[in-house]
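Hello,

Here is the structure I promised to pass on to you. Have a look at it first, and then read my notes on its charged pairs below.

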Amino acid sequence: MVILGIESSCDECAAAVVEDGKRVLSNVVATQIPFHAAYDGVVPEIASRMHTEWIYSVVEESLHQAGLGPGDIEGVAATAHPGLLGSLLVGLSFAKAFAWARNVPFIAVDHMLAHLYASRLSDEAPDYPFLGLLVSGGHSIICRVDNFDAVTVLGATIDDAVGEAFDKVSKHYGFGYPGGVAIDTLAQTGNPLAFRFPLPNLHKGEHRYDLSYSGLKTAVINQLEQFRVPERGETAILPAVKPEDIAASFQKTAVAILLRSLFRAAEDTGLTTIVAGGGVAANSCLRSRLAERQDLRCIFPPLDLCGDNGAMIAGLGYPYLIRGDRSPLNVVASARVRAFKRNYP
Ligand code: KG4
Ligand code: ZN
């Protein structure tokens, strides 16, 4: 089954064609990053306007790159939630119109479930159940995954998302936009031990697997000097703070917060396979720290499938559509995650 997937939840206008939920025939991502960079963040009004201008060409290009015409598409999948409402509506409406005009089945999918599906497009698909690590600009979730559509949230951030913390720290210090890649790159040359930032005090009861990033963000942005580790032989006059040391120390701590809860969940559940997804799954420090754990099988999507893309949407659409699921053409977009068994903040 050849499925067209459309993604427009944030600042990537994306469309892809995927066969049988596995073979990526095309994956077109038109990024709006340069248009939002001047504002150090995504401007919702600009995002939805650009999606409206670009969506037709992006879908056309995805068909062209796949070597197919509209008549070859056998099903359409689109992101319905979560995301920026105005942006979601553009891709969702386009997908509905395409499906209606071609008289092919249509399915509205959840963006976070699609991030979880992304690694199945390249890797040997692991058997269920496994642990999911969903880390993006808007969400940080540790979950138990029993099927492509059966996810139970074990822990989530109680304040900022991890990607958001990368973006805010980067914005404050002018490291670049988006912050994740900028900090990851800067950190390569920095000393991760230059600052010792505190980890959140969350390990009891219902918060056992939860995450928090507002404390780290405040420490890095407002209380930097307080957490500086003096260098050996240092005199009373401290040398200037190096940007790369801030980046490396922040990144090390951000990853440590994630892994502390993740490893705790692995230990408690006995699940030894971890599947990561979302923009922060591209982080080099996270990848190398997880690779150190010989006792866990950690599966990451390839870098081009970590961020937002249409292939993960088309991929996830497949198991729904072959099961016979269909979304009505009046299905609504929603800013919040709708697909998980337990809700989270
Ligand atoms: O999944 P995504 O593309 O969009 C959302 O659904 O939010 O994730 C974007 C987030 C941004 O916060 C970005 O800074 C972060 O992923 N990110 C990274 C890296 N690449 C992207 N964070 C850390 N390290 C990276 N290499
Ligand atoms: Zn995303």
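Let me start with Arg 289, which is partly exposed at 30% relative accessibility (buried means under 20% relative accessible area, exposed over 50%, partly exposed in between, with a 1.4 Å probe and protein chains only). Its side chain meets that of Glu 292 in a salt bridge, 3.5 Å from N to O; a salt bridge here is a side-chain nitrogen of Lys or Arg within 4 Å of a carboxyl oxygen of Asp or Glu. Glu 292 counts as exposed, at 52%.

Before going further, please note that this is a predicted model, where local features need pLDDT of at least 70 and side-chain atom pairs count only at pLDDT 80 or more, while totals for chains, interfaces and linings use all residues. Side-chain values use heavy atoms, without hydrogens and water, and residues are numbered from 1 along each chain as its sequence is written.

How many salt bridges does the rule give? The count is eleven.

One of them joins Asp 149 and Arg 323, at 3.0 Å from N to O. This pair links distant parts of the chain, 174 residues apart: Asp 149 lies in the loop between strands S7 (140-147) and S8 (150-156), and Arg 323 in helix H10 (residues 311-323). (Helices, H or I with at least four residues, and strands, E with at least two, are DSSP runs numbered from the N terminus.) Asp 149 is partly exposed at 24%, and so is Arg 323 at 44%.

Another salt bridge pairs Arg 228 with Glu 225, at 3.0 Å from N to O. Here Arg 228 is buried at 17%, whereas Glu 225 is partly exposed at 43%.

Best wishes

Technical notes
Chains are lettered from A and ligands numbered from 1 in the order in which they are written.
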